[in-house]
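Colleague: I am new to this structure. Please show it to me, and then let us read it together.

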Amino acid sequence: MKHMERIQRLVIFTILLLCGVLMVYPMIWMLVSSVKSTSDVFSDSLRLIPTAFHWENFANALAAAPFLTYLWNSTWTTTIIVVLQLLFASMVAYALTQFEFFGRRGLFAIILGTYMLPSATTYIPSYVILGKLNLLNSLWGLVISNLANVFSILLLRQAFLKVPKEVIEAARSDGASEWSILWRIVVPMNRNTLLNAALISFVGSFNDYLWPSLILNDKHNMVISVGLNQFSNSLGSFEKSFPIVMAGTALAVIPLIVVYVILQRYFVHSVQTASVKG
Amino acid sequence: MAIIELKHVRKQYDKGETIFNDLNLSIQEGDFTVIVGPSGCGKSTLLRIMAGLEQVSGGEIYIADKLENDVPAKKRNIAMVFQNYALYPHMTVAKNIGFGLKMRGAKKAVIKEKVQNAAEMLDLTAYLDKYPADLSGGQMQRVALGRAIVRDSKIYLMDEPLSNLDAKLRATMRVELTKLHRQMQATTVYVTHDQTEAMTMADRIIVLYEGVIQQTGTADEIYTHPANTFVASFIGIPPMNLLQASRQDGEFCLAGQPLNISKVPADQTDLIIGLRPEDISPTFDSPIAMTVDVVENMGADQYVHGTLGAQPIVFRDSSHTHYHQGQSVGLHFNRHISNFYDPQTTQRLEEATWQ
């Protein structure tokens, strides 16, 4: 029996290990390629240890395009977007779960409906609206057009539904306003879900390419996803500059890795602590 | 003085379900009032109406002589204790207890002092920095109580606060709560389905059934003179015996024996005799005899269950006599307390007495 168990474990671990390698390999390959020479990349592309380290690829990349500006643009817009998205999503989710009002179900159905809608269908109307607001080619335009995140609303609504009614009522009879209940009781009780939502939304916003590429034109206004594409196109011959593109890409993922490292311990266990006895 | 008054209160849910139709009650200042009734009788709803957590469909709610129908829960100076404690899981015990004060804008030093006092009163001083998840059920319940008492509220509402505790702890907490009430002198409205809690703790009991108040009175009044057959069978363990008797030749008889009951309205052809198990005792020379079925040994005394004719009957016996199944036991009725009920209306016949 014990022997069988061991074999079973071995099989599972092997499969998991293979999956893990499959997932991480492109990332490692990108990092390695960013310090390879052009000839190395194409002659011996599977090789994980380069024959020589070409750190100057990074310097070249930074010289060829304003990557630091792109990164900064991406980081601050994404941070503001995430904070505002969570602020609004918490408020919407609280209203949807704690208030009784006419049309609550209808409102939720509409919100759910917009989630089903492919985002591309909203690009033209959003573009027209941003144009009218005079916010095209502006990072604030990017922020404002991303204030609502339906996925975060849905995620938080599900979490808020699990907050025991009595806890809310106890807070109410303790004299707390709805605003206080949301920020002092409901949000802290769902901290992990909020951090999850933050991480997902951060990655989504940071990696979003299509929409920013439509509204941002000036180099100094570009976010990293758009800038990177612009850079790789501007180099002309793709093969020659490949390691430099990889160096740029490596720079692009740094903020994501930082955020992930900070938030990952919450990412793993998003479990609500028990508060009431059933 | 009545501190809480409900006048003609009606509560109907959107789906048309009516909880109360025309409910009137008043809670006296300083009293420990227990609202008792079986589950689904509307007692928790009633408490939530007083707390402002539930809107009424009609009628008036007065708290300290002020109409408070539209005053939200947070503006009513009422402290509530919930059945499942409803502690804030992300706050320490101290923060849990102090939250209500903080929300009402108390100064930090004041909060600290009051939390400390409450903790001492409830024996929680050692747990102030712990989180609810680290506490036992009894400790969590004490924190919930602490959260209420720290508020210095005039009115405390408690919704089955002991029902999640085990029997032993429940008995201890009953005494603690009574002591606490004596110490604080605050009006307390306590909801429970447990008639022992009602009997042991209440200054006044309100018996609620199907959204209608069946009887209001002290534990003694309700126990000795239940207003109707529902109260008679709900209060008391084992419940009051309710024996059907019918008129034969102008005289009410049980098991063929005349009972000598007087002042029964003339049009009453049947009535129900209410007898507490302790008001029935075994005797050798009675023509009324029951057949013993089951004996429950309670230690100090025993409950002897059986049938009288076709009717179930039980008496309490502290003589340690040994009874066996099928045995015939003559019964003597204590005629000091008269409880007779109309089988149609189930109400007590106030005039009727034993002769």
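Colleague: How many residues of chain A are in contact with chain B, and how many of chain B with chain A?

Modeller: A caution comes before the count. This is a predicted model: local features need pLDDT of at least 70, side-chain atom pairs count only at pLDDT 80 or more, and totals for chains, interfaces and linings use all residues. Residues are numbered from 1 along each chain as its sequence is written, while chains are lettered from A and ligands numbered from 1 in the order in which they are written. Two residues are in contact if their C-beta atoms, placed from the backbone, lie within 7 Å. Here, 20 residues of chain A touch 24 residues of chain B.

Colleague: Which elements give two or more residues to the side of chain A that touches chain B?

Modeller: Elements are DSSP runs, numbered from the N terminus: helices are H or I with at least four residues, strands are E with at least two. On that side of chain A, they are helix H9 (165-173) and helix H10 (178-189) of chain A. H9(A) gives the most, six residues.

Colleague: How do the residues on that side of chain A divide by type?

Modeller: Ala, Val, Leu, Ile, Met, Phe, Trp, Tyr, Cys and Pro count as nonpolar; Asp, Glu, Lys and Arg as charged; the others, Gly among them, as polar. This side of chain A has nine nonpolar, six polar and five charged residues.

Colleague: Now chain B. Into which domains is it divided?

Modeller: Domain bounds come from an automatic or database domain assignment. Chain B has domain 1 (2-230) and domain 2 (231-354). Their C-alpha centres lie 37 Å apart. Where they meet, domain 1 of chain B gives 13 residues and domain 2 of chain B gives 16. On the domain 1 side, strand E10 (212-217), helix H7 (219-224) and helix H8 (229-234) of chain B each give two or more residues.

Colleague: How many helices and strands does chain B have?

Modeller: Chain B has eight helices and 22 strands. Its C-alpha atoms fill a box of roughly 80 × 45 × 35 Å along the principal axes.

Colleague: One residue, please. Why is A:Leu31 called partly exposed?

Modeller: Count other C-beta atoms, placed from the backbone, within 10 Å of the residue's own: 20 or more is buried, 12 or fewer exposed, in between partly exposed. A:Leu31 is partly exposed because 15 lie within 10 Å. A:Leu31 belongs to helix H1 (residues 2-33) of chain A. A:Ala247 is 216 residues away from A:Leu31 in sequence, yet 7.4 Å away in space, C-alpha to C-alpha.
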